[in-house]
Amino acid sequence: MQFWIIQTLNSLALGGLLFLLAAGFSLIFGLMRIANLTHGSLFMLGAYVGVTVLRFVPNLWVATLIAAVLVAAFGGAIERFLLRTLGGNPLGQVLVTLGISFIVADACLITWGGDPIPIAAPAALQRAVSIGGVAFPLYRLTVLGVAVATAIALHLLMERTRLGAMIRAGVDDTAMAKAVGIRVSKLFTMVFCLGAALAGAGGVIAGPIMSAYPGLDADMLPLALIVVILGGVGSLFGAFVGSFIIGAIYTFGSALAPNLAYVILFLPMIFVIAFRPRGLFGRSAA
Amino acid sequence: MSFTRRKFIHAAGAGVGAAALGLPARSFAQSGNVKVGLMTVKTGPLASGGIDMERALVQFMREHGNTLTGRKIELFVGDSAGVPAQARTKMQELVERDGIHAMIGPLAAAEALAADDYIRAQQLPTLSVAAAEDMTQRKPNPWFVRGTSTSSQCAHPLADYCARTLKYKRMAVIADDIAYGHEMCAGFQRVFEDAGGRIVQKMFPPLTVPDYATYLAQMKTNIDAIFLGFAGSNGFRWFKQFNEYGLRGKINVVGGMTAFDEAVLRNMGDEALGIVTSCWYSAELDNPINRKFAAAFRNDWKYDPGFYAAATYVEGAVLEAALQAVSGKIEDKQAFMKALRATKVDTARGPVSFDEFGNIVGNVYIRKVERKEGRLVNTVIHTYPNVSQFWTYDPKEFLKNPVYSRDWPPAKNLEP
Amino acid sequence: MLIAAVAAILFPLVGGPFYVNLASQIFIAALFAASLNLLVGYGGLVSLGHAAWLGVAAYTSAWLYLRLGLQHAITAALALIMTTATAAVFGAIALRATGLGFLMITLALSQVLWGTAYRWASLTNGDNGLSGLTRPAPFGLSLEAPAPFYYFALTVTAFAIWTMWRFVDSPFGAALRGTRDAPRRMSALGHNVTLVRWLTFVYSGFWGGVAGLLFVYYNKYIHPTALSLTTSAEALLGVIAGGAGSVAGPIVGAAIVLILKNYVSAYLERWNMLLGFVFVIIVIFMPEGVVPGMRRWWLRGRRA
């Protein structure tokens with residue numbers, strides 16, 4: 001029984017972390033049809049910025065905010081100066097986003113060195129709580145909470161604000177959105193900044209669990225891709241659900257079928273895409 | 001046919017350009033310098049160990065005025081990024097373009113295996129850091145000398161210590177799912193069970209797993225201790241999460257030679273105190289060579305030297321001793337190789353010599369993490385002298401068995 | 001063109017062994033990228049799983065040689081059959097999606113192979129890889145030395161690329177480009193778009209396998225890292241940077257990536273960053289790739 005309780009909690013915590021990672025990617029891809037392959041390195045950059053901020057201000061939430069802002073600015077610059085000119089050129093987008101991710105990864109290696117740097121969770125959250133007789137780290141539950149809060153906030157943004165309406169219009173039909181006067185290019189930049197901010201913030205919040213280390217970007221990017229594809233393109237709800245499904249599959253799969261540890265995440269995705277190419281909740285084909 | 005013209009122009013242009021750049025560099029050791037290549041990893045996940053390797057070797061050379069046996073030493077460094085095919089290419093570059101006489105490294109086992117045939121073909125004396133067992137056991141390479149240890153060489157004594165001194169009866173093992181991890185755990189299991197203990201669980205998470213939560217949840221809690229065979233920073237990450245789940249104090253933790261290396265310890269806190277590990281080195285070793293080495297390294301880089309730094313520093317000493325035995329004539333490969341294998345020298349890790357397969361025979365230290373002068377160190381609490389890769393087993397019998405792996409020796413005491 | 005061909009043939013006489021080996025590696029990478037280009041450039045299907053073909057061919061050849069002691073001629077044939085069969089199966093699965101979905105399935109399928117190579121150690125020797133391999137000796141000529149292997153690789157690559165060029169220039173190739181540019185129209189015209197794509201996928205996999213054989217012959221060793229995402233990504237980047245949709249593009253692109261990785265890295269520790277910058281600059285100035293971009297400049301220069 002203990003095994004099931006703790007693994008369920010692990011799944012939920014991992015799912016929360018994945019959502020924080022994938023939400024930004026889903027947003028950008030959903031609206032702009034750009035597979036932002038720098039997403040992993042933005043996540044890692046956020047984590048490293050957090051490391052530095054924490055040296056001066058030992059408050060994780062402040063670090064999260066600052067990292068979000070800085071990474072958002074960086075993301076905005078990428079979109080404005082590089083991606084904008086590549087409208088109908090998906091191959092060019094792949095090349096430039098991967099190129100930037102190489103640059104960012106190497107820059108991080110120079111600046112922060114090759115060793116993993118731990119990020120401390122807020123002192124109040126560093127203990128384990130007892131749930132159903134098992135000890136579980138409180139911070140992981142916090143991450144889950146933050147993920148849910150973020151999901152709710154994004155949902156409200158999409159459904160209840162004008163900006164959200166514009167974004168949804170842009171996702172559904174970019175040409176018509178332009179026709180009715182929505183400043184699509186400005187919207188794109190804003191959304192890209194928001195996606196980057198989510199990535200950067202995610203890096204810091206996941207920091208106490210993952211640490212900041214070279215290679216974090218390459219480890220995280222495939223996970224973001226898997227979640228978004230499984231959940232369905234253009235659907236934040238899909239990304240949310242997808243995150244938890246992946247979290248559960250990974251957690252239980254690694255425990256119950258250790259020989260499949262390497263492929264446990266890819267097999268379900270292959271099945272889903274093969275039978276339902278737009279993912280579980282996708283609005284349009286990828 | 002414009003494409004073919006372009007293609008060949010580009011290829012020919014690149015080729016001629018490259019050849020033009022290359023021709024002047026191909027001097028055939030006319031200058032009398034001894035050229036030593038360092039095959040290491042400076043980018044990618046193994047980077048921090050690889051960078052330490054370079055730092056320590058450069059320090060060694062500098063302390064000797066970049067001169068050994070009266071000849072100037074030229075050091076060429078190759079970065080393989082941990083990819084075996086790239087290691088081979090870099091090695092070719094070091095041999096064919098730079099004309100090295102001997103090579104220190106490579107770092108990763110797979111790199112050594114990838115380059116095995118090349119080393120034989122080129123007859124390149126190699127002072128390896130990589131721990132791949134069979135390179136000095138069932139597929140011995142005559143040009144190979146290993147100054148560090150095999151994967152299991154330090155695990156055998158630790159298993160003995162756990163069974164006889166610490167009196168553990170039931171243990172689990174966990175390591176990265178790579179050959180290094182398998183070999184180390186297999187060695188530990190064999191000696192531990194031969195001494196009356198039982199290994200009740202074995203876990204091998206993939207090397208790049210993002211999170212150990214699911215493995216911690218699977219871990220049995222009715223054990224005396226768990227052995228960590230991790231490499232790089234994974235031991236540190238696992239242990240951090242181990243503490244988060246409130247398991248500290250409930251289960252003892254012992255580590256292999258890289259799990260709680262000095263490089264990793266410097267990022268840890270009081271939670272690491274008391275952890276017992278085994279290795280052929282500790283920055284706290286109290287011999288004159290090490291006192292000097294560790295102090296100088298700490299002075300330069302502000303952290304203690306660990307496994308990787310000590311590895312190349314020791315290999316440097318071995319290189320020097322062998323060079324002295326052949327009066328500096330490294331070009332005579334057969335004689336130099338013979339001298340390498342016959343080397344007996346005092347180094348930062350204590351006295352070392354080599355067995356008939358080229359693997360090192362030396363002390364293995366049992367260490368405990370303590371706080372000294374405000375930093376965490378691996379204090380030596382026990383020494384096993386003259387440990388070879390075969391432990392107390394007869395080499396012929398040892399080699400009749402298959403190489404240590406995930407499934408050999410078979411684990412008979414696993415509990416579901 | 002005659003000058004260029006003569007230069008390529010005479011190169012091993014002027015270059016040192018290191019450079020000849022580097023050139024051999026460029027040929028292998030170029031062939032690998034060119035085979036991917038059939039799918040990406042001409043088919044419009046971006047795949048991140050090309051490493052699968054390299055891995056299947058290399059491992060099959062190595063395993064048959066080591067475990068069954070078969071001759072290279074037989075192992076090569078069997079390896080290519082195995083690779084093509086795998087491509088047929090993978091293609092059928094992957095082509096159920098397009099765009100990012102297709103990308104992800106190809107990635108997932110090759111990652112499944114990668115994970116299998118690591119974990120199924122009794123078959124693949126896992127992390128230790130398969131060593132103790134030899135190079136074939138066609139007509140009794142040894143390929144162990146750099147120069148003979150160079151000529152072998154050059155011949156195979158030149159032949160392969162010529163064959164691919166014929167393929168692209170053929171009516172089938174035209175149909176393929178049609179499915180890339182206007183799939184619905186092609187379908188309306190009566191073409192079986194999925195079949196065209198699937199055949200291309202398999203053909204692309206076949207040549208990827210040939211590159212895999214050259215790879216394992218060159219290295220005489222195979223390790224699961226050859227099946228990694230990095231291998232696929234580097235090939236894809238080479239194709240895009242050089243210019244997808246042109247025959248020479250992937251060759252140039254693969255050469256750029258390889259030279260930066262294996263040659264420049266000796267001089268510049270930050271070669272990774274340089275590679276990133278090179279890509280970004282290519283995208284800014286030559287968004288269609290180096291070869292089409294340079295062709296454009298050359299024409300512009302001519303007109304001026």
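## Helix α10 of chain C

In this predicted model, 21 of the 27 residues of α10(C) are buried, so the helix is largely enclosed by the rest of the structure. Helix α10 covers residues 193-219 of chain C, and its end C-alpha atoms lie 39 Å apart. This agrees with the span of 39 Å that 27 residues should have at 1.5 Å a residue. The residue that follows α10(C) is C:K220, and its phi is positive, near 55 degrees.

## Helix α7 of chain C

Helix α7 of chain C comprises 24 residues, 146-169. The distance from its first C-alpha to its last is 34 Å, close to the 34 Å expected at 1.5 Å a residue. Its buried residues include the aromatic side chains of C:F149, C:Y150 and C:F152. C:P146, C:A153, C:T157 and C:A160 are also buried, as are C:I161, C:M164 and C:V168.

## Overall form of chain A

Chain A contains 11 helices and 2 strands. Along the sequence these elements follow the order α-α-α-α-β-β-α-α-α-α-α-α-α. The radius of gyration of chain A is 19 Å, close to the 19 Å given by the globule rule for 286 residues, so the chain is as compact as a globular protein of that length.

The C-alpha trace of chain A spans about 60 × 45 × 35 Å along its principal axes. Of the 286 residues in chain A, 60% are buried. Among contacts in chain A with a separation of 6 or more, 75% are between residues 24 or more positions apart.

## Packing of α9 and α11 in chain A

Helix α9 (residues 216-231) and helix α11 (residues 266-275) of chain A have axes that come within 10 Å and cross at roughly 35 degrees. The crossing of α9(A) with α11(A) is left-handed. On the α9(A) side the contact is formed by A:I226, A:I229 and A:L230, which meet A:M269, A:V272 and A:I273 of α11(A). By class, the residues of this contact are 6 nonpolar, with no polar and no charged residues.

Helix α11 of chain A also holds A:F266. A:F266 counts as buried because 22 other C-beta atoms lie within 10 Å, where the cut-off is 20 or more. Leaving aside residues up to four places away in sequence, A:F266 touches C:A108, C:Q111 and C:V112. A:F266 and A:L12 are 254 residues apart along the chain, and their C-alpha atoms are separated by 19 Å.

## Contact between chains A and B

Between chains A and B, 26 residues of chain A are in contact with 23 residues of chain B. Four elements of chain A each supply at least two residues of the side that touches chain B: α1 (2-32), β2 (134-137), α8 (184-210) and α10 (236-256). The element that gives the most to this side is α1(A), with 5 residues. By class, the side of chain A that touches chain B has 17 nonpolar, 7 polar and 2 charged residues.

## Backbone features of chain B

Most residues other than glycine have a negative phi, and most peptide bonds are trans. Chain B has exceptions of both kinds, described below.

A cis peptide bond links B:G105 to B:P106, with omega about 0 degrees. B:P106 belongs to the loop between β4 (102-104) and α4 (109-122) of chain B. The bond from B:W408 to B:P409 is also cis, and its omega is near 0 degrees. B:P409 is located in the segment after α13 (395-400) of chain B.

Positive phi values occur at B:E373, near 50 degrees, and at B:W391, near 55 degrees; each is a residue other than glycine. B:E373 is in the loop between β14 (360-372) and β15 (375-387) of chain B, whereas B:W391 is in the loop between β15 and α13 of chain B. Their surroundings can be contrasted as well. B:E373 is exposed, with 5 other C-beta atoms within 10 Å, while B:W391 is buried, with 20 other C-beta atoms within 10 Å.

Methods
Residues are numbered from 1 along each chain as its sequence is written. Chains are lettered from A and ligands numbered from 1 in the order in which they are written. This is a predicted model: local features need pLDDT of at least 70, side-chain atom pairs count only at pLDDT 80 or more; totals for chains, interfaces and linings use all residues. A residue is buried if 20 or more other C-beta atoms lie within 10 Å of its own, exposed if 12 or fewer, and partly exposed in between; C-beta atoms are placed from the backbone. Two residues are in contact if their C-beta atoms, placed from the backbone, lie within 7 Å. Ala, Val, Leu, Ile, Met, Phe, Trp, Tyr, Cys and Pro count as nonpolar, Asp, Glu, Lys and Arg as charged, and the others, Gly among them, as polar. The expected span of a helix is 1.5 Å times one less than its number of residues. The radius of gyration is taken over C-alpha atoms; the globule rule is 2.2 Å times the number of residues to the power 0.38. Axes are lines fitted to C-alpha atoms, for helices over the stretch in contact, and angles run from 0 to 180 degrees between N-to-C directions. A crossing is left-handed if the near helix is turned anticlockwise from the far one by less than a right angle, and right-handed if clockwise.
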